[in-house]
Structure formats: structure tokens, C-alpha cells
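Biologist: I would like a close look at one part of this protein. Please walk me through the charged contacts, one at a time.

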Amino acid sequence: MTTSRRIQFGVFFQGVNFGTIWSSDRSGSQYDFESFRRIAQTAERGLFSAFFLGEGLRLREHFGRIHELDIAGRPDAQTQLAALASVTERIGLVATQNTTYNDPYDLAKRLNSLDLLSEGRAGWNIVTTDNAWTGANFRRGGYLEHADRYRRAAQFVVAAQRLWDAGADGVGTPVSVADQLVSFEGPAPLPPSAQGRPVLFQAGDSDEGREFAASSADVIFSAHPGLEDAISFAADLRRRLPAHGRAVDELKFFPGAQFILAATDSEAREKADWVTRAQVSPQTAIRFLEPIWGRDLSEYDANGPLPDIDPVVEEVDGQRGSLFQGRRALETAREWRDSAAAEGLSIREFVIKRSSLRTFVGGYSSIADRIVQYVDAGAVDGFNVSPYLVPEGLDDIVDGLIPELQERGVYPTEYVGSTLRENLGLPALGERAEFAA
Ligand SMILES: Cc1cc2nc3c(=O)[nH]c(=O)nc-3n(C[C@H](O)[C@H](O)[C@H](O)COP(=O)(O)O)c2cc1C
């Protein structure tokens, strides 16, 4: 197979919210630097372009209580990434940081610092955060309406970029930002790194989220790993780019995915059966439905059909991410109920099936063949892998899948550059269409 296209990998290392990730004797814990060092160095051995950490500014809650089914508690992403910069050389270090609670001067400076200290390997995964409880940890309390979160995100990113650009003109260059939702006065605190500024990733799927990605992101971290879905998602985003003065190849697509691999297809299927059943317990399955239904469903039997009642729209309306809002929650609940009924699936079976949509299960060779189809379709530049188990989940990709992909000519055999921007194949800042006019 010859192709000029390539696929890349990032690792999205949540460390929390996944029931199986620390469950082996060799796993370590989410508080030990050693666990992170090992996973980042394994990813670097596999020539991954990026090591991502998610952000949670408050422990996850469910109806006002700590979500006790989660693995909870994670160290701050930027602190961990700064430490990892000293034990890695080429892999990008991407911090998920939200624009709803952070402040732009402070965050832009911290990201600039990570970018300088890692010699041009920093990335910022921009999120708006969609939950109701995080705001209670912050002075301003509450949280913004969905549309305002994206207005603030857009103003926030412009402000951060102005600060970074001013740094290129010299430390101390004055910057004044007076937008509706974002303002500060302050001299540029730092010079730029070797890649100019951190690479901008974006994760958020609503119409506003997509428009924001089209205007600002270098890479979109999507929730669309299925082939057909990935093709139509990329087409939608590429249609939006020209209106923002951007060329279609300036935005890269990295859907999140889980890989459960083994030497043979049947061995991989056995593993996947264990993983999905362990990840989706009867209680977890009920909890998966509850945010959509907006009510306590603990009386329902996970081995029975989906609830035949409609969601409580008032309780979930307005503030949450697009999936949870009013009409969409109603439609989603009805759609899920109908599709589970048509296939005769219980609640648990339905949730297992949904979670398997983002999971590649198979032998190394057959999954490599499937990835070649993605490469040929041109809708995916890389996959952001969430390992289901440390360390085996990533070892299988690096030692089993990557050699197969390299044999097929669709995976790099070395890092092409020293910065994250170079390794992702992004144009240098001065070469981007928006700067060329
Ligand atoms: C793939 C993906 C990863 C995300 N990771 C995080 C995260 O680590 N922390 C966070 O607060 N929000 C995260 N989010 C949530 C987004 O911040 C956003 O609030 C949510 O998707 C709702 O916006 P939307 O309606 O545009 O999708 C993520 C979203 C997606 C799609």
C-alpha cells in the first residue's frame, strides 16, 4: 500500500472517569509521577505526537454528590506536564484548560511558560466545561450560558494570542484588552518559544463549538471516531474554514478513541468483553442515562429496557453542553429508547454498545488495515487514544499496532521536527493563509 498520507497518535490520559485504567498490579496510581513518566515515555517511544491531560477543576459530581463510581482526584495538568517536559524530548505536551473559569493573562503566561520550558512542545486543548458544579469553586460562582461560554472562549483566545504576539515584539510590550467578557492591561511577560506559540486544540461539539474551532483551532479533538461520522464531521468543519480566512489544510482532526488490541481478532474480542463489562457496571449504565433524563433513575433495572418516561427538561435546560439541552435531551432520550427497543437491548447492553462505538477492537493486523481506510479517506489526521489500562493499553499500540502501520507506510518512522507544530505537520505561523493577506 502506498500513500502520501500519514496517521498520528496522541494519548489522552484522563487517569480518572474510567473504571479499568489503574486495575492491573503494574498500573501504579494517578497521584504518582512515575505512572505518568512511564506512559509519556512509552508514547514517545511510539513516536506519538502528543501527550494530553484532561482538566477537571472540581471532582465530578452526580446529583450533588461526588461521583463515587469514578476514580476521582487528579493532579493539576500543567504542573504534571512541566515535570514531564524534563523526562521527554520530542512528544508534545497538551494541557486541557478551560476558558470559562481561567483568566486569560494568567493562563496565557502559564502556557507560554510550558512552551518555553519544553522548547516548543506545548499545546492548549481549549474547552468551555459544561457542568453545573465547577463554578462553585470560583469567585464568580455559577457558570455562563452555553452561548456566552463560547463568546468568552473566542475573546479569551484572541486576548491570549495578542499577549503571545506582543511577546514576539519584546518582553514588556504593552497589551490592552477591553472586550465584553475578557479584559486586562499588562505587558507581555515572556518571549515566544521555538514554535511561536502553543498549538491550539479544541474540544466541544455544538454548532458554536465547531464555529469556534473553525475560527481558532489548529487541531480539533473530536468525539467522532467512526469512519462515516469522521468523514462528515471533517467535511462540516472544512466548509466553515474559508469564512474565517483559513485554508482547508490548516485544521487537523484527532478523534478520541479507545483501542483494545491483541495478536488475534478473537483474543482482542475476549479482552474487549472484559473491558466493556468492567467499565459499564449496572450502576454505571444507569448513571450514563441520568444526565440526559435529568432525574434519578436508580429505581430502574439495568438489565431491563430504557426508561419509558421523558427527560425532565427544565432541570437540564440552558446551561449544559448541547447534548443535554432541552429539545436535544428529549430527542436523544427518544432516539435511544427506540433504538434499544428495536434491537432488544437492556440499559446495560445499550450503554455497552454505545461505548463500543469509539472503540477499535481487533488483532494488530486487522486494525492496521482499518486505519489505512481512515488515512485514505483523509478525514482523520490522528487518533487521541484513551488507554483503558495502564500500562498494557498503550504498550499494545506501541509494540503491536505501530510496527504494522509503519509496514503499511502510514505511520512516521521518526519525529520530523523538534516542536509540536512541526511534528503535527502544521504550517509555521507566518505561512498560514490568515497571515498571508
Ligand atoms: C473530546 C472532548 C474532550 C473534552 N475534555 C474536557 C475536559 O478535559 N475538561 C472539561 O472541562 N471539558 C471537556 N470537554 C467538554 C467541553 O469543554 C464542552 O464543555 C462540552 O463539550 C460542551 O460543549 P459543546 O456543547 O460545544 O459540546 C470535552 C469535550 C469533548 C468533545
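Biologist: Which kind of contact do the side chains of Asp-103 and Arg-152 make, and at what N to O distance?

Modeller: A salt bridge, at 3.6 Å from N to O. Bear in mind that this is a predicted model. The pair links distant parts of the chain, 49 residues apart. Asp-103 sits in the loop between strand S5 (92-98) and helix H3 (104-117). Arg-152 belongs to helix H4 (residues 146-169).

Arg-152 is buried, with a relative accessible area of 6%. The cut-off for buried is under 20%, so Arg-152 falls below it. Asp-103 is partly exposed, at 34% relative accessibility.

Next, take Arg-334 and Asp-310. They also form a salt bridge, and their closest N and O atoms are 2.8 Å apart. Arg-334 lies in helix H10 (residues 326-343). Asp-310 is in the loop between helix H8 (282-293) and helix H9 (313-316). The pair therefore ties together parts that are 24 residues apart in sequence. Here Arg-334 is partly exposed, with a relative accessible area of 39%. Asp-310 is partly exposed too, at 27%.

Glu-34 and Arg-37 meet through their side chains at 2.6 Å, N to O. Both belong to helix H1 (residues 33-45). They are 3 residues apart there, so about one helical turn separates them. Glu-34 is partly exposed, with a relative accessible area of 42%. Arg-37 is also partly exposed, at 24%.

One network of salt bridges links Asp-205, Asp-207, Arg-210, Glu-211, Asp-236, Arg-239 and Arg-240. Over the whole structure, the count of salt bridges is 23.

Glu-185 is in strand S8, where it stands opposite Ser-176. Ser-176 is on the uncovered face of strand S7 (residues 174-178), along with Pro-174 and Ala-178. Val-175 and Val-177 make up the covered face of S7. S7 pairs with S8 (residues 183-187) in the antiparallel sense, over 5 bridges. A hairpin of 4 residues joins S7 to S8.

Notes: Residues are numbered from 1 along each chain as its sequence is written. This is a predicted model: local features need pLDDT of at least 70, side-chain atom pairs count only at pLDDT 80 or more; totals for chains, interfaces and linings use all residues. Side-chain values use heavy atoms; hydrogens and water are left out. Buried means under 20% relative accessible area, exposed over 50%, partly exposed in between (1.4 Å probe, protein chains only). Helices (H or I, at least four residues) and strands (E, at least two) are DSSP runs, numbered from the N terminus. Two strands pair if DSSP finds at least two bridges between them. A salt bridge is a side-chain nitrogen of Lys or Arg within 4 Å of a carboxyl oxygen of Asp or Glu.
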